[in-house]
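Reader: I would like a close look at one part of this model, the links between its side chains. Which residues are paired, and where do the partners sit?

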Amino acid sequence: MKKPLVGALFTVLLLGAGIAPATAAAGHDAAATGTVKTKLAPKAVNFAGTVALSNCSGSVVRTPASQPTDPALVLSNGHCMESGFPGPGEVVFNQPSTRSFTLLNASGSGVGTLRASKIAYGTMTDTDISVYQLTRTYAQIESTYGIKALELNTAHPVQGTAITVVSGYWKRTYACNVDGFVYRLKEGAWTWKDSVRYTSACQTIGGTSGSPVIDNATGKVVAVNNTGNEDGQQCTDNNPCEVDESGNVTVRQGINYAQETYGIVPCIGTGNKFDLSRPGCALPKP
């Protein structure tokens with residue numbers, strides 16, 4: 001895992017200046033006829049809607065069906081939960097929490113504090129996610145801070161997609177592409193399914209855990225950043241290994257990974273409530 005960092009460092013970081021977000025300009029294609037077509041410019045990726053936790057990064061997220069009056073949700077990693085790493089097979093579901101999050105604006109400045117009412121869902125089995133329900137609605141957050149939630153994409157990410165990992169903890173972005181997908185990613189006691197592998201340009205570090213992985217073309221969240229192989233070891237803590245369908249193991253030192261998030265969407269119903277019995281919901285159950 002991208003190791004959670006200590007709270008003392010967090011206070012110092014929030015006082016520091018943010019790093020400019022990645023942007024993309026419009027491009028042009030010349031067709032065979034000689035006409036010029038203008039491509040739609042990818043959405044500028046910035047920090048708006050991301051949050052800083054005491055030890056990790058995260059983001060305020062919504063599904064396509066979420067309503068302005070619904071309690072807002074914050075997405076991060078399962079290994080970032082204040083209760084510690086959940087064990088293999090463990091699922092945290094609808095547990096009280098008063099955790100606080102610093103909400104960032106587009107430039108990476110902290111504009112306010114959000115607070116959880118509960119951990120709606122958290123696990124490190126098959127995936128590495130935590131989703132907190134907040135005490136405020138999306139409408140209240142937008143009215144107070146002028147910031148909208150990031151939308152979770154509903155489809156599996158695509159190889160080659162240009163992405164940006166946006167760390168609210170470090171106020172830093174990492175731009176690269178989806179290099180491919182890992183059948184099983186094994187790290188210590190945990191195993192994750194169908195993980196996203198980045199190209200080498202995304203050199204994420206401790207504290208970037210829980211960062212949203214944003215599709216540059218749509219501005220939607222396609223994954224959540226969670227780990228990388230630091231030392232070249234095989235399948236140990238902080239050194240995940242790739243395992244294919246035949247059981248062959250591959251180690252890629254210096255390469256980093258994320259967990260897909262499209263599978264969260266079918267599990268969230270009316271009122272932004274997690275319902276693990278909904279059709280299409282394949283998240284592990286308690």
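Author: What follows takes the disulfides and then the salt bridges.

This is a predicted model, in which local features need pLDDT of at least 70 and side-chain atom pairs count only at pLDDT 80 or more, while totals for chains, interfaces and linings use all residues. Residues are numbered from 1 along each chain as its sequence is written, and side-chain values use heavy atoms, with hydrogens and water left out.

A disulfide is taken here as a pair of cysteine sulfur atoms within 2.5 Å. By this rule there are 4 disulfides. Counting the bonded cysteines along the chain, they pair as 1-2, 3-4, 5-6, 7-8.

One of the disulfides is between C56 and C80, with the sulfur atoms 2.1 Å apart. The torsion about its S-S bond is about -85 degrees, so this disulfide is left-handed. C56 lies in the loop between β3 (50–52) and β4 (57–62), and C80 in the loop between β5 (71–76) and β6 (91–96), so the bond ties together parts that are 24 residues apart in sequence. Buried means under 20% relative accessible area, exposed means over 50%, and partly exposed is in between, with a 1.4 Å probe and protein chains only.

C235 and C241 are also joined by a disulfide, with an S to S distance of 1.9 Å. A torsion of about 95 degrees about the S-S bond of C235 and C241 makes that disulfide right-handed. C235 is buried at a relative accessible area of 16%, and C241 is buried at 0%.

C267 and C281 form a disulfide as well, S to S 2.0 Å. Its S-S torsion is about 100 degrees, so the bond is right-handed. Both C267 and C281 lie in the segment after β18 (256–260), so the pair ties together parts that are 14 residues apart in sequence. Both cysteines, C267 and C281, are buried.

Now the charged pairs. Side chains of opposite charge can pair when their charged atoms come close. A salt bridge is counted when a side-chain nitrogen of Lys or Arg is within 4 Å of a carboxyl oxygen of Asp or Glu. The whole structure holds 7 salt bridges.

Among them is the pair D126 and K193, whose closest N and O atoms are 3.7 Å apart. D126 is in the loop between β8 (110–123) and β9 (129–137) and K193 is in strand β13 (residues 190–198), so this bridge ties together parts that are 67 residues apart in sequence. D126 is partly exposed, at 25% relative accessible area, and K193 is partly exposed, at 39%.

R197 forms a salt bridge with D179 at 2.8 Å, N to O. That pair links distant parts of the chain, R197 in strand β13 and D179 in strand β12 (residues 172–187), 18 residues apart. R197 is buried at 10% relative accessibility, whereas D179 is partly exposed at 30%.

R197 also meets E242 in a salt bridge, at 3.0 Å from N to O. E242 lies in strand β16 (residues 241–243) and R197 in strand β13, so the bridge ties together parts that are 45 residues apart in sequence. Both E242 and R197 are buried. Salt bridges link D179, R197, E242 and R252 in a network.

How values were computed. Helix = DSSP H or I, 4+ residues; strand = E, 2+ residues; numbered from the N terminus.
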